[in-house]
Amino acid sequence: VSVSTARIRLLPQAVADAIAAGEVVERPASVVKELCENSLDAGATRIDVEIERGGLIRLCVTDDGCGIDASELRLAVSRHATSKIESDRDLERVRTLGFRGEALASIAAVSDLRLVSRPPGVDAAATIRVRSGEIAESGPAAAAPGTRVEVCELFASTPARLRFMREARTESSHAARLVGELALTHPRVAFSCTVDGRTAVRTAGLGRADALRSVFGAAASKSFIEVSAAGAVSVEGWISGPLAHRGTRSAMVLVVNGRRVHNRSLLFALDEAYHGLLPQGRHPFGVVLVELDPAEVDVNVHPTKREVRFRDEREVFAAVQRACWSALRANPVMVHAPPVKVPAAGGEAFVLGLADARDEDERERQRSASPEPSDLRGTAAGLRAIGQVRGEWIVAESADGLVLVDPHAAHEKVLYVRLLDEWSKGERSGTESQLLLLPSVVECDAAAMQRYETNAAFLESCGFGLEPFGPGLVRCTAVPLAAAAADPARIVLDALDSFDDDAPPAQRRHRLAALVACHSAVRFGDRLQIDNQQQLLDELAGTAGGSTCPHGRPTTLAIDDAYLRRAFHRSAR
Ligand SMILES: Nc1ncnc2c1ncn2[C@@H]1O[C@H](COP(=O)(O)OP(=O)(O)OP(=O)(O)O)[C@@H](O)[C@H]1O
Ligand SMILES: [Mg+2]
């Protein structure tokens, strides 16, 4: 019998390092993240990032921070050497971004790394070069105060890792996005990021507004709504208004105690806050900063610190949801007319506002398909109904021009908000309902019958009067007051249809409110008396978030004076 003898060997240190590093240094963007975080911890006021060929050929981060003393360069690139914590007790109250003393060593293990550093006030700089974990050279150098870390040939010696890399373009864009997120998180630091020599991100370090504009673009950043809620868990942020949205969740940047983190549950809290404001499948974007006692957060749960764990996740979730929810409802926005195309004398189409088309803002706005939102406060209060176009749009006069209103969408929103409001108090005060003169008999199939049975109490708490009326039949004797004019049988059937047994009660309430509102609102095309038009406008003005219907469609379109003047070639007022 031949036994194959596999000798047990110690892996060379560089290999062991590379394996552990595989977790910390997943891709070029993670190197950029670690280096920028070191610069931030060093108190830098400017950080410049260069990326070449996806970062696999070369990437470089230069800062103007506190630098590293020449005598400590070796320690800086050694594993488990850090200046940031001293004991495991410090780990519980970490305020710096780094604390493992591992990043530089991990990066150096899988690349050719050169570090040049000079503390301010010291005459000369010093450098150290590490290749695949071995120190290749060190000595004096010439450089400005601060630190510069250059990483070449990343993963060249770890082909397995290299195989996982995507196209250079993908890697670069990951890295550039990461710099953008750091710039949002640290708005007082001037960031730049060049990709193959071209500037991808540049912020001036002038504060949040500047960072938001640089990262999300001028047009999008106008739609931001400010969030600010103090407390044991404080929440601040700038989040997109209901008229601007994205197809993914990845443009929502979450920051916990100054650290960019990924947290599914907080993203979900945000989606919840937008419930009823955005179309299906669309997501908000922006930046949300949560501050809480560091002892309540465990940052040491993920090798790249990408995730954090909260001692009381429910509390953080609730704080974020509450803060964003109220900011959104307190800041109704109104759609503004997009630039229109008007045929010019020569037969060519030109775009209004072309005069200032050189302005990047304007161009961006013209490119974007969705009209630009702005603040409704002050405008909506003074809306005066003038009439209705073909029984469809209501035309109203505002302090600043003209406003068109979709009566169905507007009424729907008014009812939706009113219902939710009532139901949220409902448990104690009971919801107002309308007894039906003629009870309506609803035919239910087996599934609907089943859902009726599980949801009977819930429906009752929302103002429905329902009772079993023989096999496959339910009798509806009352509906919520708002639905007095709607077809009760259809509402009940649709409601039973919409129930998803797994949905939490809040979500069922939202759905039911949207459904009742949709059934009960005036129809698009219904002719309204002028008083009713006016009444609707007044109610809309008093409705938080009144600019979109529960399905996220706009309810109003404002055409302001400046717009009209441009359209009719009249000089500005
Ligand atoms: N840009 C920089 N400016 C000044 N000091 C730096 C810089 N980069 C690294 N250092 C010093 O080198 C040490 C090691 O850095 P490294 O990133 O490896 O570990 P860390 O930041 O302490 O922890 P972590 O592994 O969690 O990032 C740091 O603790 C810091 O003292
Ligand atoms: Mg670090």
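How many bridges join β3 to strand β6, and in which sense do the two run? Seven bridges join them, and β3 and β6 (residues 146-152) run antiparallel.

This is a predicted model, in which local features need pLDDT of at least 70 and side-chain atom pairs count only at pLDDT 80 or more, while totals for chains, interfaces and linings use all residues. Residues are numbered from 1 along each chain as its sequence is written, chains are lettered from A and ligands numbered from 1 in the order in which they are written, and side-chain values use heavy atoms, with hydrogens and water left out.

Strands here are DSSP runs of E with at least two residues, helices are runs of H or I with at least four, and both are numbered from the N terminus. Two strands pair if DSSP finds at least two bridges between them. Strand β3 covers residues 112-118, and six of its seven residues are buried, so β3 is largely enclosed by the rest of the structure. Buried means under 20% relative accessible area, with a 1.4 Å probe and protein chains only.

**Two helix pairs**

Axes are lines fitted to C-alpha atoms, for helices over the stretch in contact, and angles run from 0 to 180 degrees between N-to-C directions.

| Helix pair | Angle | Axis separation |
|---|---|---|
| α9 (residues 264-273) and α10 (residues 313-330) | about 30° | 8 Å |
| α6 and α7 (residues 208-216) | about 160° | 8 Å |

The angle for the pair α9 and α10 makes them roughly parallel, whereas α6 and α7 are roughly antiparallel to each other. Angles under 35 degrees count as roughly parallel and those over 145 as roughly antiparallel. Among the residues where α9 meets α10 are F268 and L270 in α9, and F317 and W325 in α10. On the other pair, the contact is made by G180, A183, L184 and T185 of α6 and R208, A211, L212, V215 and F216 of α7.

**The three-stranded sheet**

A second open sheet, of three strands, has the order β23-β25-β24 with antiparallel pairing. Its edge strands are β23 (433-443) and β24 (465-468), each pairing on one side only. Seven bridges join β23 to β25 (residues 473-480), where E443 stands opposite L473. Helix α13 (residues 446-461) lies across β24 and β25, running at about 140° to β24. Helix α14 (residues 488-498) packs on the sheet too, touching β23, β24 and β25, with its direction at about 65° to that of β23.

Methods
Buried means under 20% relative accessible area, exposed over 50%, partly exposed in between (1.4 Å probe, protein chains only). Angles under 35 degrees count as roughly parallel, over 145 as roughly antiparallel, 65 to 115 as roughly perpendicular and the rest as oblique. Contact means heavy atoms within 4.5 Å.
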